[in-house]
Amino acid sequence: MSGDLIGRPVDRVDGHAKVTGAATYAADQRIPGLLHGVLVLSTIAKGRLTGIEVAAAERAAGVVRVFTHLTMPRLTVPAAAYRKTYIPVQDDRIHHSGQPIALVVARTLEEAQHAATLVNAQYRAERHRSALHEAEGEEFVPPVTGGEPNESVRGNPEAGLAEADIRIDAIYSSPMHLHNPMEPHASIAHWADGQLTLYESTQAGNFARTAVAQALNLPPASVRVVSPYLGGGFGAKSAAWPHLLLTAAVARELARPVKLVLSRAQTYTAHGHRSEFRQRITLGAKRDGRITALVHVSTQQCSATEDRIYNASHSSRTLYAIPNLRIRQQAVRLDLQTGSFIRSPELAAHHGLETALDELSHELGIDPVELRLRNYAATHPGTGQRWGSKHLDECYRIGARAFGWSRRDPRVGSMRDGDIRIGWGMATEAHSCTALPSAAQLTLGTDGRATLRTGAHDIGTGTYTVLTQVAAQALGMPLTAVTTQLGHTDYPAATGSFGSATVNSVTGAVDQAATAARAEVIRLAVADPRSPLHGLPPERIGAEHGYLFDRDRRRRDSYRDVLARHGKPVTATGNSTNTPNHTTGAVFVEVRVDPRYGKVSVSRVVGAYDPGRVLNRRTAHSQAIGGTIWGIGFALMEHAVVDPAHARIMNATLSTYLMPVHADVPAIETHFVDKPDPTSAALGARGFGETPLTGVPAAIGNAVFHATGRRIREVPITQDKLL
């Protein structure tokens with residue numbers, strides 16, 4: 001069996017389909033008789049509908065029906081995979097600006113859009129709140145976030161702070177962030193013979209099926225979700241959202257397929273976001289750099305109807321050997337849409353921790369890398385258990401050497417290029433990776449080709465390619481002989497693509513299925529008198545390049561010939577349950593600051609990572625590039641502007657919600673330790689996708705401080721804060 005495929009930077013197997021337009025996204029489906037839906041949204045943040053006039057809209061050309069809370073079919077709030085405790089367009093209550101209040105269905109999109117402008121709503125508005133400071137004193141601690149309690153204590157934090165020689169006590173904050181995938185949410189609901197097929201832009205087809213089945217009181221088996229390609233998700237598409245439930249309901253009511261695609265502005269209120277976040281971090285340390293205590297209290301927004309929060313303080317719990325720790329993750333209810341997971345939900349808290357550590361290193365006069373090494377956690381700080389594998393110390397050394405960190409002059413403002421201030425900063429990267437039970441099926445056809453099917457998704461991370469590599473290696477086949485099919489609930493159930501879970505969860509199942517299929521073909525070959533391998537012990541048979549061969553390679557048979565003689569396909573399945581884990585790394589950043597204008601540009605980034613075994617160096621490098629770009633946005637640009645008078649997002653367009661473009665992104669150098677994690681069922685790999693974002697914002701902020709002496713604790717670091 002060839003071992004060459006794993007780790008190779010092979011091209012994306014789905015690349016040709018995407019660049020030629022052959023890849024079919026949710027909104028691309030062509031269904032006869034398709035109707036188009038458009039949502040009408042609330043213009044107030046809190047209150048009640050006192051009236052809604054739809055007669056003009058119903059008279060408009062092409063309109064089939066206008067659904068309001070008075071006429072929308074009744075739905076049940078799903079118990080799972082749904083991020084709200086209510087469904088809109090079911091009653092007259094308004095919980096946030098931009099909440100759906102009606103759904104117009106027409107023959108064409110343009111007719112539906114026009115009719116939606118004719119719906120006239122009357123409200124009785126109530127006083128609303130849209131910022132954390134407006135709910136000060138009303139903080140509460142939700143029960144659980146990410147499977148962990150929101151309040152916990154380790155050791156004696158008060159005593160730890162008392163014994164400290166140096167304290168850092170500061171507040172760090174970040175604004176609301178939006179996902180902004182290139183592809184907006186799209187749903188097509190098509191009923192036929194009592195079966196509902198949903199063409200849906202989702203990161204978790206099985207979650208969407210469960211939510212819709214519960215909302216419509218259907219058996220899950222009668223709902224199919226098809227989502228082979230996504231134009232990005234970043235957490236926005238990991239849960240089912242109201243527009244999907246409403247589309248399915250009206251399609252059943254009208255007995256016609258209905259398509260609903262959110263406008264760009266609607267995506268800013270139709271699904272979750274990263275909540276406004278404020279954290280107070282108190283660090284105590286001895287003069288030798290040993291941290292004696294950490295108190296980390298964070299406050300974040302949840303909606304008025306929810307008690308879930310999504311920005312976890314996982315790094316504070318696990319990243320450093322801190323004996324005395326207090327974590328409190330608290331929430332306040334505001335009249336905004338529900339928050340949700342968004343690209344590296346642990347990032348906000350991690351940013352505060354890594355900035356505070358840089359402040360501590362400056363106060364102590366200890367190099368930032370050395371400070372982290374002096375507090376290195378060789379075992380889990382909470383349980384004392386050894387990690388499956390952890391090579392973060394190697395990441396520090398590899399990254400520092402590649403960046404040239406030893407040449408850094410630690411004096412603030414000491415590095416210059418003419419009038420331009422140069423700053424070097426670094427931070428640890430860290431993120432948990434989820435693992436959920438997953439299954440895969442592999443079929444070898446009589447033509448000798450393999451088809452792999454699993455319900456997982458590729459949200460642009462390279463899942464198609466990596467799983468094809470895993471299957472091809474286990475079979476001993478060329479990549480071109482394996483076709484991978486993803487994103488369909490008819491396929492074996494698998495994890496959704498969120499929480500850095502896909503590789504961690506699905507890889508083992510794919511390897512099992514391919515290995516079992518290979519073993520069955522070998523069994524057929526050695527039992528077949530017509531095969532050159534007849535009579536050989538199965539354990540002597542290897543596989544490579546589509547052929548099965550004896551150990552001495554003098555006798556061989558091909559998959560195609562064995563299966564052609566057999567006359568029917570061979571199918572095998574695999575099931576995998578991996579363990580959740582933690583992936584770490586280190587990032588080093590150079591910034592250039594023009595003091596005349598306060599302009600910051602990132603001029604160099606070097607990252608070193610420990611994701612266990614690297615399954616494809618090209619897609620892993622791509623993930624590091626994507627994470628770095630999001631980190632630049634978090635640090636320097638991204639923020640949703642909420643109008644306090646109306647609780648509306650004022651910059652709900654790609655032209656006003658600023659994100660990095662190519663001109664903002666330097667060359668990004670990546671390095672991987674590439675040592676398999678022996679405890680991982682994913683061939684030694686761990687989830688990686690969200691890790692490369694986590695340290696970048698703090699590294700940029702730390703570099704800005706090194707360049708200017710200005711410690712900006714409120715992101716984004718905009719020009720006005722440096723002038």
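View 1. The structure is a predicted model, in which local features need pLDDT of at least 70 and side-chain atom pairs count only at pLDDT 80 or more, while totals for chains, interfaces and linings use all residues. Residues are numbered from 1 along each chain as its sequence is written, and side-chain values use heavy atoms, with hydrogens and water left out. Asn324 sits in the loop between helix 8 (314-318) and strand 17 (325-334); helices (H or I, at least four residues) and strands (E, at least two) are DSSP runs numbered from the N terminus.

**View 2. Surroundings of the Asn324 side chain.** The side chain of Asn324 reaches the backbone nitrogen of Asn156 at 2.8 Å, and a polar atom of that side chain lies 2.7 Å from the backbone oxygen of Thr292. When neighbours within four places in sequence are left aside, the residues in contact with Asn324 include Arg154, Gly155, Pro157, Gly160 and Glu163, as well as Ala293 and Leu294, where contact means heavy atoms within 4.5 Å.

**View 3. The largest nonpolar core.** This core holds 50 residues, of which Leu442, Leu444, Leu475, Met477, Val510, Leu548 and Tyr559 touch the most other members; a nonpolar core is a set of buried Ala, Val, Leu, Ile, Met, Phe, Trp, Tyr and Cys residues joined through side-chain atoms within 4.5 Å. Among the elements that each supply at least two residues are strand 20 (438-444), helix 12 (463-475), helix 13 (502-527) and strand 26 (570-576). Helix 13 gives the most, with eleven residues.

**View 4. Tyr559 and a second core.** Leaving aside neighbours within four places in sequence, Tyr559 is in contact with residues including Leu444, Leu475, Met477, Arg518, Val521 and Leu548. A second, separate core of 41 residues includes Leu357, Leu364, Phe403 and Ile420.

**View 5. The chain around these sites.** The chain contains 17 helices and 31 strands. Its radius of gyration, taken over C-alpha atoms, is 27 Å, close to the 27 Å that the globule rule (2.2 Å times the number of residues to the power 0.38) gives for 723 residues, so the chain is as compact as a globular protein of that length. Buried residues make up 62% of the 723 residues.

Note on methods: A polar contact is a pair of N or O atoms within 3.5 Å; within protein, one must be able to donate a hydrogen and the other to accept it, and residues adjacent in sequence count only if both atoms are side-chain atoms. Buried means under 20% relative accessible area, exposed over 50%, partly exposed in between (1.4 Å probe, protein chains only).
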